[in-house]
Amino acid sequence: MSDYDVSIIGGGLTGLSLAAALAPLPLRVLMIDSRPAITDLAVYDERSLALGFGSRLIYGGIGIWDAMAANASPIETVHASEQGSLGSTRLKAADCGVAALGYVVTLRDLATALEQRVSTQPNLTRLHSTRLTAVDSDGGQVTLSVEDDSGSRQITTALLVGADGGASASRQLLGIDTTTKDYNQVAIVANIEPREPHRHIAFERFAHSGPMAMLPLTDNRCAMVWSLPPEQAEAIMALSDDAFLADIPRHFGYRLGDFLSTGRRDMFPLKMTLAHRLTAQRSLLLGNAAHALHPIAGQGLNLALRDVAVLAELLASFDDPGDDMLLQIYQQRRKPDIDATANYSDGLLRLFSYPMPILAHLRGAGLIALDRLPPLKKRLARLGMGFRKPLQGPLFHGRAVR
Ligand SMILES: Cc1cc2nc3c(=O)[nH]c(=O)nc-3n(C[C@H](O)[C@H](O)[C@H](O)COP(=O)(O)OP(=O)(O)OC[C@H]3O[C@@H](n4cnc5c(N)ncnc54)[C@H](O)[C@@H]3O)c2cc1C
């Protein structure tokens, strides 16, 4: 018998979410992370995440939504506009018959809720400051070679789950190729305070400098994600806080008045990495290891949670976690959603990156037309909320797997 049933490589948001989802199942779960155990919340960057209504249901099923709710700011309206164009469109939660189109949470609050949830989980063993260095599968089990300060050793498992991020070592060790697209852009993120109330509107602004999302956070703060060419981003990072705050309305406009204060600024390089396949013998990928996307549409973690929900449901129904059939069904159910979501994020970015004025007018007209087409808007809203077909499995409906 293997040492573990399921070994998750990577304890980021995806790995933690999967570990928590597997709590009710009679599985021996191992989670390995190259980072040390987190004792200081300052290690988390200033990123905030827009979670669709579908993700809120999944976190309800995982059992952490109640702990998150007080720190989650609802998105009641999405407003999209383009700098220099009259067109704009609004999607409203009320028009879609839901209380909120999604919720904005800080990475710090979400990771804290997940860490608390798994800290008392009897079926989970965690190894920190430990790196996966080799993988060998003989069909009956997978042998993992791992390394920590005290040296290297081997662990056996029935299923290897690679959740180790965009530069995934498990993906490379499994010999899974990727397609990568470097956007030659970086994202600056900061939580900033506007003079006017945000009224729970998520703004998507296609500024000349690059797309800018302004997401409503608690305490009337806005989580800004601004994608820019690297040289321009360096110049903005070098500004004083006051100069930075004064610069924002030149790109974003004055819908929220001027900006009064800012938290720390962080910067992320942006590229899309897509794994050519999601599975190998007794192994599979999920989260950023399978699909790292541009954050323009805020879909990365939402997509990862759908990976988690599908995998947790499959693990609940198969006796052998590394069963070939389980792997095949996982690939079949996840690949179309991953490809469609990646195309949507990439397409949106390409459409709004074109500087030609004629295209700007067409885009403006498109935003006006979209505003007048409620059925299409509703469809887009459902996609943004993370509702996809087929929605099989209890987590998609806010219930734990059993
Ligand atoms: C600016 C920005 C804004 C975003 N906004 C949104 C949003 O609004 N909505 C949304 O849904 N998504 C958003 N995303 C995407 C989201 O942040 C990611 O999809 C999500 O955090 C991915 O988590 P992950 O756990 O898959 O990967 P990671 O966070 O990269 O975690 C990987 C983990 O694996 C560990 N690891 C790496 N190598 C090894 C190894 N060899 N052995 C052991 N462990 C290893 C690492 O230590 C790490 O803990 C955004 C991303 C960015 C950059």
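R199 lies in the loop that links strand 12 (178-194) to strand 13 (201-207); strands are DSSP E runs of at least two residues, numbered from the N terminus. The model is predicted, so local features need pLDDT of at least 70 and side-chain atom pairs pLDDT 80 or more, while totals for chains, interfaces and linings use all residues. Residues are numbered from 1 along each chain as its sequence is written, and side-chain values use heavy atoms, without hydrogens and water.

R199 is exposed, with a relative accessible area of 52%; exposed means over 50%, buried under 20%, and partly exposed in between (1.4 Å probe, protein chains only). Together with R90, K92 and R255, R199 forms a positive surface patch. Patch residues have over 30% relative accessible area and no salt bridge, and like charges are joined within 9 Å. A salt bridge is a side-chain nitrogen of Lys or Arg within 4 Å of a carboxyl oxygen of Asp or Glu.

Strand 13 leads on to strand 14 (residues 210-216) in a hairpin. Seven of the seven residues of strand 14 are buried, so this strand is largely enclosed by the rest of the structure. Two strands pair if DSSP finds at least two bridges between them.

| Strands | Bridges and direction | Residues between |
|---|---|---|
| Strand 13 and strand 14 | Five bridges, antiparallel | Two residues |
| Strand 14 and strand 15 (residues 222-228) | Five bridges, antiparallel | Five residues |

F203 has M214 in strand 14 as its bridge partner, and P216 has C222 in strand 15. In the turn between strand 14 and strand 15, D219 has a positive phi of about 55 degrees.

Technical notes: Patches are made of residues with over 30% relative accessible area and no salt bridge: like charges are joined within 9 Å, nonpolar side chains (Val, Leu, Ile, Met, Phe, Trp, Tyr) within 5 Å. Accessible areas come from the Shrake-Rupley method with a 1.4 Å probe; for residues, only the protein chains shown count as cover. Lys and Arg count as positive and Asp and Glu as negative; His and the chain ends are not counted. The place of a charge is taken as NZ of Lys, CZ of Arg, CG of Asp or CD of Glu. Helices (H or I, at least four residues) and strands (E, at least two) are DSSP runs, numbered from the N terminus.
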